[in-house]
Amino acid sequence: GLMRTPLIAANWKMHKTVPEAVAMLRDLLDRLGGQAPTDRRVLICPPFTALSAVRDVLDGTGIFWGAQNMHPAEEGAFTGEISARMLTDLGCSYVIIGHSERRHIFGESDAFINQKVHAAFAHGLTPILAVGEKIEQRRAGEHEAVVEAQLAQGLEGVSAEQARTLVIAYEPVWAIGTGETATPEDAQAMHAFIRGWLAARFGDDVAQQVIIQYGGSVKPNNVDALMAQPDIDGALVGGASLHAESFARIIQFQ
Ligand code: PEP
């Protein structure tokens, strides 16, 4: 959509040490002429261990950084977890919440995800709420119902003013890391469904402002067709975000 600034985000998952992260970002910045483009927003979500170094490289470039997950509590006895305040302290602007790997490998529930969404808003972090159906759910024709339930539960108690700043990532589980992308038409259909749901819940004015990213095997050779769809406002990129050459090309979608 023309009124929404596209958001291209890298989800590095459990990849890259500090020197690897720094080297990749220096290469990426070289390819972008040292600065983020002005007509699209770029976000890097490294592992927690690289956030401080990533901040040092990206500060002043116009590229944003954020986290792949967080815990909803303010602080406390949660061994191994990271709070919202720890992320804002490192200059994070965004946090991915409810990624399918968190849902399906680590068993995160929609209720837990909802707590994280509220914690993100409370700390001024923009939540990127990830939703998406499994292959058997799509085959059974349940994909819209599954995504609707994830939205309804994940966004419970969220106000229209908060929703205005929200990012949704539609990531069909069968397309993540598989090399199998949703067709631009299937992705657009789901994005339109999501925006319609947001309009019914928060009003059309809010729905028109929400960034809805597509994720699932976005590559240099399919990003242009995906981004040409009217309700696809960005991409959440895993594998192809690990290399400067492919991620720079994705950022430079036509
Ligand atoms: C992701 O993890 O959010 C993702 C979309 O991964 P990939 O691009 O590797 O499919």
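**Close-up 1. S217, in the loop between β7 and α11.** S217 sits in the loop that links β7 to α11 (223-227). The model shown in these views is a predicted one. S217 is not a glycine, yet its phi is positive, about 55 degrees. As background, most residues other than glycine have a negative phi. Is S217 buried or exposed? It counts as buried, because it has 20 C-beta neighbours inside 10 Å, and 20 or more is what the term "buried" asks for.

**Close-up 2. K16, in the loop between β1 and α1.** Here's another residue to look at for its backbone angle: K16 has a positive phi of about 90 degrees, although it is not a glycine. You'll find K16 in the loop between β1 (7-11) and α1 (18-31). K16 is buried, because 20 other C-beta atoms lie within 10 Å.

Close-up 3. Step back for a moment and follow the strands around: β1-β2-β3-β4-β5-β6-β7-β8 make a closed barrel of eight strands, with parallel pairing. On average, neighbouring strands of this sheet are turned by 25 degrees against each other, direction ignored. What holds paired strands together in general? Strands of a sheet pair through backbone hydrogen bonds, either parallel or antiparallel.

**Close-up 4. Strand β7, enclosed by the rest of the structure.** Now zoom in on β7, which covers residues 211-215. Why is β7 described as largely enclosed by the rest of the structure? Because five of its five residues are buried. In a regular strand the side chains alternate between the two faces of the sheet. You can trace that in β7: I211, Q213 and G215 point one way, while I212 and Y214 point the other way. Whichever way they point, all of these residues are buried.

**Close-up 5. The neighbours of β7 in the sheet.** On one side, strand β6 (residues 167-170) is joined to β7 by four bridges, and the two run parallel. A pair to look for here is A169 with its bridge partner in β7, Q213. Strand β8 (residues 234-237) also runs parallel to β7, and three bridges join them. Which residues of β8 stand opposite Y214 and G215? Y214 stands opposite A235, and G215 stands opposite L236.

**Close-up 6. Helix α5 and what covers it.** Helix α5 takes in residues 110-122. Its 13 residues should span 18 Å at 1.5 Å a residue, and its end C-alpha atoms are 18 Å apart, so the two agree. The buried residues of α5 are I113, N114, K116, V117, A119, A120 and F121. An α-helix has 3.6 residues a turn, so residues three or four places apart point the same way. Among the elements that cover the buried residues of α5 are the strands β4 (94-97) and β5 (126-131), along with the helices α3 (84-89), α7 (143-154) and α8 (160-163). After α5 comes G124, with a positive phi near 75 degrees.

**Close-up 7. Where α5 meets α7.** How do these two helices cross? The axes of α5 and α7 come within 8 Å and cross at roughly 50 degrees, and α5 and α7 are therefore oblique to each other. On the α5 side, the contact is made by D110, A111, I113, N114 and V117, and on the α7 side by Q150, Q153 and G154. Sorted by class, the contact has three nonpolar, four polar and one charged residues.

**Close-up 8. Helix α2 and its residue A53.** Helix α2 (residues 51-58) lies across β2 (41-45) and β3 (64-67), and it runs at about 170 degrees to β3. A53 is part of α2. With 17 C-beta neighbours inside 10 Å, A53 counts as partly exposed. Which residues does A53 touch, leaving out those up to four places away in sequence? They are V18, A21 and V22. Take A21 from that group: it is 32 residues away from A53 along the chain, but their C-alpha atoms are separated by 7.9 Å.

Close-up 9. Is D39 buried or exposed? D39 is exposed, because it has 7 other C-beta atoms within 10 Å. D39 and L7 are 32 residues apart in sequence, and they lie 9.7 Å apart in space, C-alpha to C-alpha.

Terms used: Residues are numbered from 1 along each chain as its sequence is written. This is a predicted model: local features need pLDDT of at least 70, side-chain atom pairs count only at pLDDT 80 or more; totals for chains, interfaces and linings use all residues. A residue is buried if 20 or more other C-beta atoms lie within 10 Å of its own, exposed if 12 or fewer, and partly exposed in between; C-beta atoms are placed from the backbone. Two strands pair if DSSP finds at least two bridges between them. The expected span of a helix is 1.5 Å times one less than its number of residues. Two residues are in contact if their C-beta atoms, placed from the backbone, lie within 7 Å. Axes are lines fitted to C-alpha atoms, for helices over the stretch in contact, and angles run from 0 to 180 degrees between N-to-C directions. Angles under 35 degrees count as roughly parallel, over 145 as roughly antiparallel, 65 to 115 as roughly perpendicular and the rest as oblique. Ala, Val, Leu, Ile, Met, Phe, Trp, Tyr, Cys and Pro count as nonpolar, Asp, Glu, Lys and Arg as charged, and the others, Gly among them, as polar.
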